[in-house]
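Please look through the sequence and the structure below before reading on.

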Amino acid sequence: MTKTIDLNRKNISEDKIRNMLRKKGLGNLLLDDKTLLESRRSFVPDNKKANKDVWLFGYGSLIWNPVIEIEESRIAKVFGYHRKFCLKTQIGRGSEEKPGLVLGLENGGSTSGLALKVNSLDTASELDLVWRREMITGAYKPVKVFGHTKKGNIEMIVFVINKSHTNYIGKISEAETAYTISSARGFLGSGKDYLDKTVESLVKLGINDSYLSRLQNRIMRQNFKT
């Protein structure tokens with residue numbers, strides 16, 4: 001069985017996640033430190049003004065495991081993107097033998113999640129951790145979106161799927177998605193655990209995602225027929 005490690009501040013900052021990829025011979029897929037830093041600085045410079053709040057939008061694991069220090073959170077809705085299992089992974093939630101799937105945001109529709117206000121005392125350093133986590137291979141790309149909340153609209157950074165990445169899967173049925181999730185496991189745990197924790201965190205926020213619920217039902221019933 002694959003040995004699991006925690007996705008936490010220590011393991012990200014000490015480069016344990018990226019070292020796992022290097023040990024698996026996948027080091028060539030990693031974005032280097034310079035690229036990550038330049039990307040983060042293009043959104044939030046090192047000398048960010050203290051009166052400018054920075055928010056992230058969590059739609060998957062960032063909701064239940066943000067890793068970084070969060071000052072405030074709000075339920076937010078974003079238009080123009082929808083949640084989908086569209087990123088193949090041979091590492092964290094899958095393996096080379098049985099690749100898994102994780103969530104991304106695809107164009108079209110809308111999605112509800114959690115707006116996360118980043119610690120304003122050390123925003124740049126906190127975001128560097130996020131970039132090392134989300135931009136590990138460039139399978140996502142950061143963009144700015146507006147989140148609609150009960151306290152008004154806020155600008156947020158969100159990591160959407162990079163459709164030019166080799167691990168992007170555009171067309172996949174719900175039956176195949178459910179089967180892939182149910183059978184995959186990597187060094188961060190199983191695909192099913194990732195799905196279940198995401199659904200659980202959304203339910204606690206009062207958010208119903210029918211797509212994720214259908215996938216759960218298929219896995220529970222072992223219904224992998226199209």
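## Gly-191 and its surroundings

Contact here means that heavy atoms lie within 4.5 Å. Leaving aside neighbours within four places in sequence, Gly-191 is in contact with Arg-93, Ile-181 and Ala-184. Gly-191 counts as buried because its relative accessibility is 1%, where buried means under 20% relative accessible area, exposed over 50% and partly exposed in between, with a 1.4 Å probe and protein chains only.

This is a predicted model, in which local features need pLDDT of at least 70 and side-chain atom pairs count only at pLDDT 80 or more, while totals for chains, interfaces and linings use all residues. Residues are numbered from 1 along each chain as its sequence is written, and side-chain values use heavy atoms, with hydrogens and water left out.

## The helix and its span

Gly-191 is found in helix 7, residues 191-204; helices (H or I, at least four residues) and strands (E, at least two) are DSSP runs, numbered from the N terminus. The 14 residues of helix 7 should span 20 Å at 1.5 Å a residue, and this agrees with its end C-alpha atoms, which are 20 Å apart; the expected span is 1.5 Å times one less than the number of residues.

The buried residues of helix 7 are Gly-191, Tyr-194, Leu-195, Thr-198, Val-199, Ser-201 and Leu-202. Seen down the axis of helix 7, these buried residues fall within an arc of 165 degrees, so they line one face of the helix; the arc is that of the directions from the helix axis to the C-beta atoms. On the other side of helix 7, Val-203 and Lys-204 are exposed.
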